[in-house]
Amino acid sequence: MSMLRALLIVFAKEFRENLRERRTLVTALILGPLLGPVLFAALINLQIHRGAAAADRPLALAVAHGERAPHLLAYLAQSGVAVTAVGLDRDAARHAVALHREPRVLWVPEEFGRLLAQGTPAPLELYTDAADVGSAADSERLRAILAQYSATLAHLRILARGIDPLVLNPVAVQDVDVSTPAARSVLLLGALSYLMLLTMLMGGVYLAIDATAGERERGTLEALLTLPVPRAALLLGKMLATCAYMVISLTLTVVAFAVLLRFVGLERFGMSINFGAAVGLRVILYCLPLAPLGAALMTIVAAFTRTYREAQSWLGLVIVLPTLPLVFAGSLGLRPSLPLMSVPSLGQHFLITSLLRAEPLPPPYVALSVGATLAVAALLTLIAARLYRREALLG
Amino acid sequence: MIEARALCKRFGPVAAVREVSLTAADGRITGLLGPNGAGKSTTLRLLYTVLRPDAGEALIDGSSVRSAPLEAARRLGVLPSGAGIYPNLTARENILYFAHLQGVPRGEARARTVELVRMLEMEECADRRARGFSQGERVKTALARALVHRPRNLILDEPTNGLDVPAVRSLRRLLKALRDAGHCVLFSSHVMQEVSALCDEVVVIGAGTVLAAGTPGEIAARTGAEGLEDAFVRLIGAAP
């Protein structure tokens with residue numbers, strides 16, 4: 001029997017058998033591809049809506065002893081701040097914020113009016129909770145309004161002394177953001193390629209472990225090894241089935257992302273994400289070389305661990321290891337370059353993000369990423385084949 | 001025909017098999033008898049090419065397990081200990097998978113599987129998923145899997161483990177029928193009754209070496225014992 005025929009028989013059996021394994025199906029076809037994108041879209045949606053709502057919402061402020069600063073209260077009301085008067089002393093104000101009864105409290109000291117009239121710095125005490133993410137943005141807005149009030153008073157005082165208030169602004173900074181809408185959304189969706197690669201690897205992990213460690217534990221591996229079939233054919237057939245599940249998982253993930261991102265509503269923020277059928281197909285093609293790499297790595301782990309449980313406990317590492325370069329790149333803010341393209345998973349990450357950015361990388365970049373990843377996959381497959389030839393494979 | 005010549009196998013410091021020689025002829029049932037840990041399974045694993053011998057040679061119908069392991073494997077049907085089968089496949093699919101990997105053409109594999117299902121009286125479980133099979137159903141499936149390519153030689157490692165009496169009896173009938181059809185049957189057991197009820201030839205193994213070989217009568221006569229069981233106990237007691 002030819003090696004190829006044996007390989008295809010093993011592939012067909014592994015593929016069919018795992019189609020009947022609920023655990024494989026759930027991780028490969030449901031959990032990764034659907035839950036991932038849905039969670040992702042929901043998170044982004046929440047963030048966008050929160051940001052949008054915060055800008056429109058009237059700013060709530062509790063003021064204690066507002067009667068000591070009537071002019072300030074008028075200014076706040078004019079600036080759209082919804083002031084409520086509260087009768088709290090200093091400690092009560094602190095407690096009210098600490099216990100989240102009030103998002104923030106402005107406490108006006110007794111001497112405020114006197115010091116303001118004298119032209120010396122008049123104290124105001126603003127109680128906020130910087131750790132409370134929900135109220136932090138509004139507190140920041142309030143600080144800006146208070147600073148504006150202070151600046152307005154300063155301008156009036158300078159003017160009263162016959163000096164041009166412009167001397168208070170020696171430098172005028174203009175903030176110009178040059179990022180394109182597509183580039184901005186890539187920043188926001190930077191984790192997208194990570195999720196795609198991760199779900200792809202997850203799609204194959206159960207099959208890879210089951211096809212080696214599981215077979216050993218059930219005693220079927222020994223029977224399989226008595227057959228007149230080269231062990232390399234068994235190994236490659238199992239790896240091919242693992243890759244097939246990874247690609248199915250990846251395809252479903254890409255489709256789910258493509259559909260869901262249409263509903264996220266990024267356009268309202270001047271962001272567009274370039275994710276049509278052609279782009280989706282290229283994302284899948286770019287990720288393909290990573291599938292045999294992951295399959296070989298998982299098979300190595302399954303072949304040298306003694307039990308299915310032990311293999312399972314390595315599972316987390318096996319899934320995360322291939323995506324580690326990507327995590328580092330994210331935290332270091334790396335940009336695509338030829339040497340970096342040769343790092344598996346990092347190269348795929350750059351290819352995907354640049355594609356979504358509508359700034360495709362030149363062909364040598366693509367070739368290097370594909371070639372280097374396939375080379376590492378071949379090396380790992382050779383190691384797996386060596387482990388498959390060991391007598392210790394049977395445990 | 002299965003021949004072993006001075007097979008040796010070590011696992012680290014432990015010499016599991018030491019210069020084991022034996023012959024299992026065609027048309028004979030040969031029993032490998034020995035206590036637990038005597039080296040029975042290791043010997044069989046060397047013969048069915050899952051382990052490689054450190055020294056010595058084994059031939060399956062003249063094909064060397066060392067220099068032509070695939071050729072040797074092609075001439076063997078093997079029932080490993082435990083009789084593991086795929087729980088997510090039906091019994092029939094389990095059998096067909098091995099038929100295909102043995103290179104049996106598709107149509108022939110299907111027909112042969114039907115034949116084996118009838119022969120082993122497993123119509124009831126043939127198209128059920130193997131998850132939850134009884135030990136008897138598992139052994140039958142594994143046995144059918146070992147026979148599907150009509151091998152000339154059959155190696156069975158403790159085939160009767162966990163079987164009830166009717167299942168053991170039907171297994172005996174099957175092995176005898178295979179013998180009468182000219183097959184070479186080699187099986188291991190630590191159960192005396194099993195071996196004396198079934199075997200034409202016995203190889204007694206202890207501490208990794210062959211202690212005696214011959215027909216049950218010959219072995220009993222040589223050790224001066226009443227029967228095979230006495231002979232076995234004496235041989236094992238005398239082993240180093």
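Predicted model: local features only at pLDDT ≥ 70, side-chain atom pairs only at ≥ 80, totals over all residues.

Me: How do you know how far to trust chain B?

Reply: Look at the pLDDT. Its mean over chain B is 91, and 99% of the residues reach 70 or more. Confidence is lowest in helix H9 (residues 228-238) of chain B, at a mean of 79. Confidence is highest in helix H3 (residues 91-101) of chain B, at 96. For the complex, the predictor gives an ipTM of 0.92 and a pTM of 0.80.

Me: What makes chain B as compact as a globular protein of its length?

Reply: Start with the parts: chain B has nine helices and 10 strands. Its radius of gyration is 18 Å, and the globule rule gives 18 Å for 240 residues. The two values are close, so chain B is as compact as a globular protein of that length. Its C-alpha atoms fill a box of roughly 50 × 40 × 35 Å along the principal axes.

Me: What share of the residues in chain B is buried?

Reply: Buried residues make up 50% of the 240. To count, a residue needs 20 or more other C-beta atoms within 10 Å of its own.

Me: Why is Glu19(B) called partly exposed?

Reply: Glu19(B) has 15 other C-beta atoms within 10 Å. Buried needs 20 or more, and exposed means 12 or fewer. The count for Glu19(B) falls in between, so Glu19(B) is partly exposed. Glu19(B) sits in strand E2 (residues 14-24) of chain B. Its phi is positive, about 50°, although Glu19(B) is not a glycine.

Me: What about Ala207(B): where does it lie, and why is it partly exposed?

Reply: Ala207(B) is in the loop between E9 and E10 of chain B. It has 17 C-beta neighbours inside 10 Å. That again lies between the two cut-offs, so Ala207(B) counts as partly exposed. Ala207(B) also has a positive phi, near 50°, without being a glycine. The hairpin of E9(B) and E10(B) has two residues between the strands.

Me: How do you know that E9 and E10 of chain B pair?

Reply: Pairing takes at least two bridges. Strand E9 (residues 201-206) and strand E10 (residues 209-214) of chain B are joined by five, so they pass. The two strands run antiparallel. Val204(B) stands opposite Ala212(B) in E10(B).

Me: What makes the sheet around them mixed?

Reply: Six strands form an open sheet in the order E6-E7-E8-E3-E9-E10 (chain B), and the pairing is mixed. E9(B) and E10(B) are antiparallel. Strand E3 (residues 29-33) and strand E8 (residues 184-189) of chain B pair in the parallel sense over five bridges. Leu32(B) has Ser188(B) as its bridge partner in E8(B).

Me: Which strands of this sheet are called edge strands?

Reply: Strand E6 (76-79) and E10 of chain B. Each pairs on one side only. Helices lie across the sheet too. Helix H5 (residues 135-147) of chain B lies across E6 and strand E7 (153-157), at about 170° to E6(B). Helix H6 (residues 165-180) of chain B lies across E3, E7 and E8, at about 145° to E8(B).

Me: Why are E2 and E4 of chain A said to stand at the edges?

Reply: Their open sheet has four strands in the order E2-E1-E3-E4 (chain A), with mixed pairing. Strand E2 (81-86) and strand E4 (125-127) of chain A each have a single partner strand, so one side of each is left without a neighbour in the sheet. Inside the order, strand E1 (residues 59-64) and strand E3 (residues 105-107) of chain A pair in the parallel sense over three bridges. Ala64(A) stands opposite Trp107(A) in E3(A).

Me: How many residues of chain A are in contact with chain B?

Reply: 19 residues of chain A are in contact with 25 residues of chain B. Helix H1 (3-19) and helix H9 (220-225) of chain A each give two or more residues to that side. The side divides into nine nonpolar, three polar and seven charged residues.

Me: Why is Leu19(A) called partly exposed?

Reply: Leu19(A), in helix H1 of chain A, has 13 C-beta neighbours inside 10 Å. Exposed means 12 or fewer, and buried means 20 or more, so Leu19(A) counts as partly exposed.

Technical notes:
Residues numbered from 1 in each chain as written. Chains lettered and ligands numbered in written order. Contact = placed C-beta atoms within 7 Å. Nonpolar A, V, L, I, M, F, W, Y, C, P; charged D, E, K, R; others polar. Rg over C-alpha atoms; globule rule 2.2 N^0.38 Å. pLDDT = per-residue confidence, 0-100. Axes fitted to C-alpha atoms, helices over the stretch in contact; angles between N-to-C directions.
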